Amino acid sequence: MRALVFKKPKEFAVEERPIPEVKEGEVLVQVKYAGVCGTDVRIYNGTKKIGAPRITGHEFAGEVIEIGKGVTSVKVGDRVTVYPMIACNECYACLSGRTNICVNRITLGYELDGGFAEFVKIPKEAVERGNIIKLPQNVSYEEGAVSEPMTAAYHGIERSGLKSGNTVAIIGTGPIGLCHVQLAKLKGPKKIIIVEPDEQKRKLALEFGATDTINPLDGDVHNKVMDLTQGEGVDVVILDVGLPKVIEGSLSYVKKGGMFLLFAGCPVGSSITIDPNLIHYKEIMFTGSSSSSPENQSKVLELLSTGKINLKKLITGTFHLEDWEQAFNMKANYQGLKSVFKIEK
């Protein structure tokens with residue numbers, strides 16, 4: 001089989017690899033499409049450390065072509081996507097119901113070979129824990145492949161506590177930010193305010209349900225947010241840009257009793273300086289959001305199936321594995337939104 005293999009930082013290669021052998025409890029998926037994530041670029045650059053050699057790719061969808069003895073949750077021929085993070089179900093986080101922050105988690109494409117290949121083996125633990133999720137008939141393989149980032153965004157929206165009638169500011173509308181816009185709209189907020197320098201992304205955010213947009217290059221974002229909220233500030237800020245300075249600035253327009261959700265990761269070694277009185281006197285809740293769960297991915301697929309969210313508009317580039325450098329460069333340079341590999345030639 002063809003596979004895109006991480007060899008070391010700054011070195012990937014398309015290689016011929018043996019098709020994985022399926023053992024008891026395991027499942028073999030023929031990959032149709034796989035999404036390119038910013039983490040894949042960080043692996044290439046060496047800022048995300050994983051073992052090598054490794055077939056990367058943690059966003060993918062395909063067809064079940066072989067099942068091991070004892071597997072009953074799926075059958076050969078099923079169209080599926082796979083939630084890539086496998087929780088241990090034994091650590092304190094898992095036992096408290098927060099499998100997304102499992103202490104011992106392993107992930108396809110990081111610790112295990114992932115979906116940048118013609119075939120991927122799903123381990124027994126993932127099969128048993130429901131990580132293989134069937135695609136609704138009206139959801140394409142392309143959509144299934146990029147449903148994982150929408151799933152992460154879904155967890156973020158739930159963490160934010162956004163409610164009907166609230167006002168939310170979403171900072172940054174790359175693929176994740178645009179997912180947040182769509183999911184936020186389903187909560188029935190009074191306003192969805194977007195802060196984004198790129199004009200095309202601001203326009204797409206409006207198509208997806210944003211009510212107001214702000215170009216941060218045009219002036220003081222704080223004052224513009226306050227003008228849009230009659231001086232109150234917003235109930236929820238969702239930060240989808242991993243820039244410490246933006247964190248510091250965005251806190252100022254959270255209203256009393258509001259929520260600040262840090263969704264985007266920052267570069268290793270980052271730090272922020274904030275006025276603690278902002279949090280103390282305004283009783284601002286400051287939290288993060290990381291990963292998600294197979295259960296949430298099932299909910300996202302249902303939303304896709306019923307037309308309540310749209311992933312097709314986020315897919316702006318389709319490549320073969322051999323064109324990986326172009327796909328990675330587009331992601332690194334913020335060109336387009338979401339690129340996918342079409343694995344079959």
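In the predicted model, Ser-339 is part of strand β18, which spans residues 338–342. Ser-339 has a relative accessible area of 7% and is therefore buried, the cut-off for this class being under 20%. Leaving aside residues up to four places away in sequence, Ser-339 is in contact with Ala-34, Gly-35, Val-36, Gly-317, Phe-319 and Met-330.

Helix α1 (residues 38–45) meets helix α12 (residues 324–332), the two axes coming within 9 Å and crossing at roughly 105°. Because angles of 65 to 115 degrees count as roughly perpendicular, α1 is assigned as roughly perpendicular to α12. On the α1 side the contact is formed by Gly-38, Asp-40, Val-41 and Tyr-44, and on the α12 side by Trp-324, Phe-328, Lys-331 and Ala-332. Sorted by class, the contact of α1 with α12 comprises 5 nonpolar, 1 polar and 2 charged residues.

The buried residues of α1 are Gly-38, Thr-39, Asp-40, Val-41 and Ile-43. Just after α1, Gly-46 adopts a positive phi of about 90°. The loop between α1 and β4 (54–55) contains Pro-53, and the peptide bond from Ala-52 to Pro-53 is cis, with omega near 0°.

Positive phi values also occur in residues other than glycine. Asn-89 has a phi near 65° and is located in the loop between β7 (85–86) and α2 (92–95). With 40% relative accessibility, Asn-89 is classed as partly exposed. Gln-230, for which phi is near 55°, is placed in the loop between α8 (221–228) and β14 (234–239). The relative accessible area of Gln-230 is 61%, so this residue is exposed, the threshold for that class being over 50%.

The volume of the largest cavity is about 40 Å³. Its lining consists of Val-146, Pro-149, Pro-175, Cys-179, Leu-311, Leu-314 and Lys-338. By class, the lining of the largest cavity has 6 nonpolar residues, no polar residues and 1 charged residue. Lys-338, one of the lining residues, falls within the range of strand β18 (residues 338–342), the strand in which Ser-339 lies.

Note on methods
Residues numbered from 1 in each chain as written. Predicted model: local features only at pLDDT ≥ 70, side-chain atom pairs only at ≥ 80, totals over all residues. Heavy atoms only, no water. Axes fitted to C-alpha atoms, helices over the stretch in contact; angles between N-to-C directions. Helix = DSSP H or I, 4+ residues; strand = E, 2+ residues; numbered from the N terminus. Parallel < 35°, antiparallel > 145°, perpendicular 65-115°, else oblique. Contact = heavy atoms within 4.5 Å. Nonpolar A, V, L, I, M, F, W, Y, C, P; charged D, E, K, R; others polar. Buried < 20%, exposed > 50% of the residue type's maximum accessible area, 1.4 Å probe, protein only. 1 Å grid on protein atoms, 1.4 Å probe; cavity = no way out; pocket = protein on both sides within 12 Å on 5 of 7 lines; lining within 4 Å. Points joined across faces, edges and corners; volume = space filled by probe spheres on them.
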